[in-house]
Amino acid sequence: MKRKLLIVLSLLLFVAASLRAESIFPYKYQETKLDNELRVILIPMKNPGLVSYYTVVHAGSRDEVEPGKSGFAHFFEHMMFRGTDKYPPEKRNDILSNMGADTNAYTTDDFTNYYLHFPTKYLEQVIDLESDRFMNLKYSLPAFQTESRAVLGEYNKNFSNPFVQLDEKIRDVAFDKSSYKHTTIGFIKDIQNMPNEYEYSLQFFQRFYRPENCTILVLGNFDPAQTLTLIKKYYAPWKPGDYATKPIPEPEQSAERRGKIDYQGDTLPIVMAAYKAPAFAVDSKEYAALTLLADLAFGETSPLYQRLVLKEQKADFVQADNDPHRDPYLYQIYARVKDDKDLPAVEQSFYSTLEEMKQKPADPKRLADLKSNLKYGFLMSLDTSKRAGSALVRYIELTHNLEGIDTLFQTFQSVTPEDIQKVAQKYFDPKNRTVITLSGAKQ
Amino acid sequence: MIRKLLLLFLLIPSLLVAADATIPDSQLLLIKNDSPLIAFRILFRNGSANDPAGKEGLAALTSSMIDQAGTKTNDYQKILELLYPMSASYSAQVDKEMTVVYGVTHKDNLTAYYNLLRDAILSPAFKQDDFDRLKTDQLNYVAKSLRFNDDEELAKETLNWGIFKGHPYGHPDAGLVSSVQKLTLDDVKSYYASNYTRKNITIGIAGDYPDSLITQVKKDFAALPAGDAGTDRKLPQPTVADWNVILIDKQTPATGFTFGFPIPLTRSDDDYYPLMLAASWLGQHRSQVGHLFGVMREVRGLNYGDYAYIEYFPFGGRYFQPLPNVGRHQQIFEIWIRPVQNQNRQFALRMAARELQKLIDNGITKEDFETTRNFLLNYSVNLAQSNLEQLGYALDDRFYALTTPYLDIARTRLTSMTMDDVNRAIKKYLSTTNMVVAIVGQDAAGLAKAIVDNTPSPITYESPKPDAVMQEDKQIESYPLPVKADHVTVIPADKIFQ
């Protein structure tokens with residue numbers, strides 16, 4: 001069974017966990033905003049001997065609005081492992097090694113997430129380490145320049161992946177002004193220039209690594225009262241800032257755009273059609289309806305999947321994503337086909353499917369099945385602190401709290417087949433789309 | 001008397017049937033807890049090492065016909081529609097010596113899910129249209145995706161092939177282009193009948209399941225054929241002599257490497273555990289704590305990461321923790337160097353080989369031993385967290401004939417281990433005398449010549465490095481690798497695994 005990771009479901013995992021009137025989230029949690037505006041969410045849950053500690057920074061590649069500075073949110077994530085005066089890199093690594101922490105970080109368009117999973121007995125030490133680096137990070141120019149080459153290494157290791165190339169191209173062609181035009185890792189020319197941008201990196205830290213921009217999420221086996229006391233103690237010196245990104249609005253698209261990738265080497269061809277789509281909001285019925293439409297029209301139980309993948313066998317998968325974003329982003333429909341000659345027909349099948357969604361309301365039974373799918377998907381994502389944390393982070397970075405889960409649940413529950421028809425009619429206009437095809441070129 | 005004899009005659013077959021009517025408890029692995037998520041792992045002791053000669057890829061294709069195709073009850077589209085409201089699925093994973101069908105469901109949907117899972121394994125439809133689709137997908141994977149879309153996985157498969165030439169492990173699980181092309185639906189049916197048997201099966205279930213489920217499972221899976229007695233095949237010993245370098249030529253801005261050699265250790269061996277510590281110190285997977293990561297990435301910015309292993313770890317680029325149920329009775333020691341800019345690639349290979357030799361010559365220090373031991377002891381709490389993971393580890397325990405769980409053994413051994421144990425294991429099992437190196441990069445012939453000629457490979461940096469680093473670099477740039485020209489193979493990417 002092919003596992004499809006619909007990115008949108010990471011958000012939908014909060015939807016429809018229950019039809020009860022009370023909160024749908026099954027765990028008791030505690031949300032606090034400290035005096036310095038740092039948000040803290042504590043979720044004790046059964047998890048043998050383990051705590052998961054997340055720091056979600058409300059900054060990603062979307063905040064890179066200055067030319068020549070793409071990729072800095074991600075690069076900065078790398079620099080956050082380069083130590084402080086109190087905990088220089090060797091000492092920090094030694095402490096984390098001895099505690100057996102599973103630790104890493106990642107950056108996306110909208111946020112950066114730092115996490116550690118470790119035995120409960122080290123919680124205070126982790127709070128000390130984390131608070132210290134978020135307040136007092138310090139690194140030299142040589143360390144900065146060395147790490148820029150690791151970022152280049154990260155870019156290079158993905159070079160052969162056709163989906164990475166596709167992501168770069170669709171954004172670059174679809175967007176003119178939005179900072180979503182570049183991928184999170186950045187334009188290659190900016191990555192290559194990173195060794196020269198030390199001062200800018202320090203400015204990035206000052207702008208975004210501030211308490212009002214961050215949320216701490218703790219899940220697992222711990223004492224909430226004691227933990228909150230420790231967090232208040234260690235993070236107290238952290239001063240808020242006042243920087244706010246001024247995103248450059250994307251002008252309205254007036255005509256279809258197209259692009260092509262000649263992939264070096266042999267690969268299965270891919271076609272993607274991406275439409276400009278609204279930003280995420282917990283109470284946006286349009287956002288919810290579009291998200292549900294993605295699976296109804298292009299998911300594994302859709303008539304299109306049955307025809308293209310199972311019966312005609314022209315494609316080995318079809319998928320659509322309405323990935324939640326802070327600003328208007330792209331609604332992406334894509335398929336990997338088995339023969340170049342089928343690319344045009346498969347592309348047209350996307351549009352004929354959308355026309356069907358415009359012509360009549362969605363099938364009520366399929367919509368009900370989808371809502372059940374979301375309910376159980378949510379319940380099944382909560383079995384460990386790691387999995388629950390990963391699911392929640394994607395939501396918290398957009399709203400900074402868990403209270404909106406219930407609002408989001410109500411929004412999705414309220415979507416009707418007619419709502420889905422309406423959004424299909426509104427957003428899937430040819431002039432609103434960008435189409436990229438990727439084909440292999442023999443070496 | 002005749003009537004009694006007749007009754008006895010009639011009774012005996014029914015007694016015989018009753019004796020075979022359920023799967024024995026010894027072939028169940030049950031973890032009862034209060035989790036509403038019920039996990040299944042149904043493992044068969046067969047894998048790609050069972051592929052008949054000329055039919056490489058058959059185990060994988062057969063497993064696809066189980067998890068991505070219709071059953072005698074439902075066609076595949078219907079299965080997808082039935083699973084959909086449950087948000088559940090099942091998948092098959094094939095490795096050299098085991099195939100596992102696994103999945104998780106919420107207990108609200110247990111009966112419906114189990115019926116679908118059971119039918120997938122016991123009653124696959126083996127329809128031609130499903131076969132055509134899945135065979136094409138598998139062929140495309142070998143011919144295109146493996147060769148071109150993931151250089152790091154390509155290097156690892158090439159290393160495996162290089163070490164296990166002529167050995168049942170020596171081909172990708174997905175097979176070769178030429179062998180997959182020839183597979184037929186009858187091949188799949190024949191493989192299924194021979195390998196999906198009662199002899200081969202262990203059924204793992206974890207969660208808050210009702211006892212009636214177990215009764216049902218034992219009865220249902222008794223319908224499998226009994227299977228032949230000798231399913232545990234004897235594997236030949238792989239042999240690697242001298243340094244052997246295989247270069248896959250393809251256009252890339254950076255070159256990926258992996259190198260290694262066979263080791264005679266698995267989890268059932270005492271010396272596995274000290275060597276595990278040594279490998280963790282040298283290069284704990286996807287972690288900053290490893291030595292290679294420190295000296296190659298952190299100090300020199302050579303690449304995204306460098307790691308070391310004594311157990312097979314597939315898809316290391318995707319997973320931070322090892323997948324369960326890829327158990328093998330023959331393992332390799334492996335160092336993985338993630339892609340390095342082409343101008344520094346020879347330097348990186350030399351550096352990694354030299355660091356391995358330094359470990360062999362010097363061992364690890366007391367401080368490094370203590371830190372790595374603490375790391376492993378504490379890190380183990382991250383492993384086997386979910387029901388599905390716990391089942392996976394428990395099934396691997398059975399594969400390795402461990403009477404105590406692997407993680408418990410590891411913790412016990414680590415607690416009593418000494419630095420001398422580790423250094424003794426390093427000296428006994430690690431060596432740079434015989435090696436296979438797999439490289440994926442452009443101008444493969446040029447790199448091959450440079451390696452054979454031991455051409456110096458100096459490195460330059462954007463920023464100054466400490467004197468100690470610069471001094472060491474001078475030794476690294478001319479560190480000799482004992483590679484002879486007739487031990488080098490260059491293969492264009494579109495020809496590997498033909």
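1. In this predicted model, strands S3 (residues 50-57) and S6 (residues 214-220) of chain A run antiparallel and are joined by 7 bridges. Within S6(A), Cys214(A) is the residue that stands opposite Val57(A).

2. Both strands belong to an open sheet of 6 strands in chain A, whose order is S1-S2-S6-S3-S5-S4 and whose pairing is mixed. The edges are formed by strand S1 (30-33) and strand S4 (102-107) of chain A, each of which pairs on one side only. From one strand to the next, the twist averages 15°.

3. Helix H2 (residues 72-79) of chain A packs on this sheet, where it touches S4 and strand S5 (112-119) of chain A. The direction of H2 makes about 160° with that of S4(A).

4. In chain B, helix H10 (residues 272-283) packs against helix H15 (residues 406-416) at an angle of about 80°, and the axes are 10 Å apart. The two helices are therefore roughly perpendicular to each other. H10(B) contributes Tyr272(B), Tyr273(B), Pro274(B), Met276(B) and Leu277(B) to the contact, while H15(B) contributes Tyr406(B), Ile409(B), Ala410(B), Arg413(B) and Leu414(B). By class, the residues of this contact comprise 9 nonpolar, no polar and 1 charged.

5. Ser48(B) lies in the loop between strand S2 (37-44) and helix H2 (58-67) of chain B. Its relative accessibility is 0%, so Ser48(B) counts as buried. Apart from neighbours within four places in sequence, Ser48(B) is in contact with Ala59(B), Val94(B), Asp95(B), Lys96(B), Pro168(B), His171(B) and Asp173(B).

Note on methods. Residues are numbered from 1 along each chain as its sequence is written. Chains are lettered from A and ligands numbered from 1 in the order in which they are written. This is a predicted model: local features need pLDDT of at least 70, side-chain atom pairs count only at pLDDT 80 or more; totals for chains, interfaces and linings use all residues. Side-chain values use heavy atoms; hydrogens and water are left out. Axes are lines fitted to C-alpha atoms, for helices over the stretch in contact, and angles run from 0 to 180 degrees between N-to-C directions. Helices (H or I, at least four residues) and strands (E, at least two) are DSSP runs, numbered from the N terminus. Angles under 35 degrees count as roughly parallel, over 145 as roughly antiparallel, 65 to 115 as roughly perpendicular and the rest as oblique. Contact means heavy atoms within 4.5 Å. Ala, Val, Leu, Ile, Met, Phe, Trp, Tyr, Cys and Pro count as nonpolar, Asp, Glu, Lys and Arg as charged, and the others, Gly among them, as polar. Buried means under 20% relative accessible area, exposed over 50%, partly exposed in between (1.4 Å probe, protein chains only). Two strands pair if DSSP finds at least two bridges between them.
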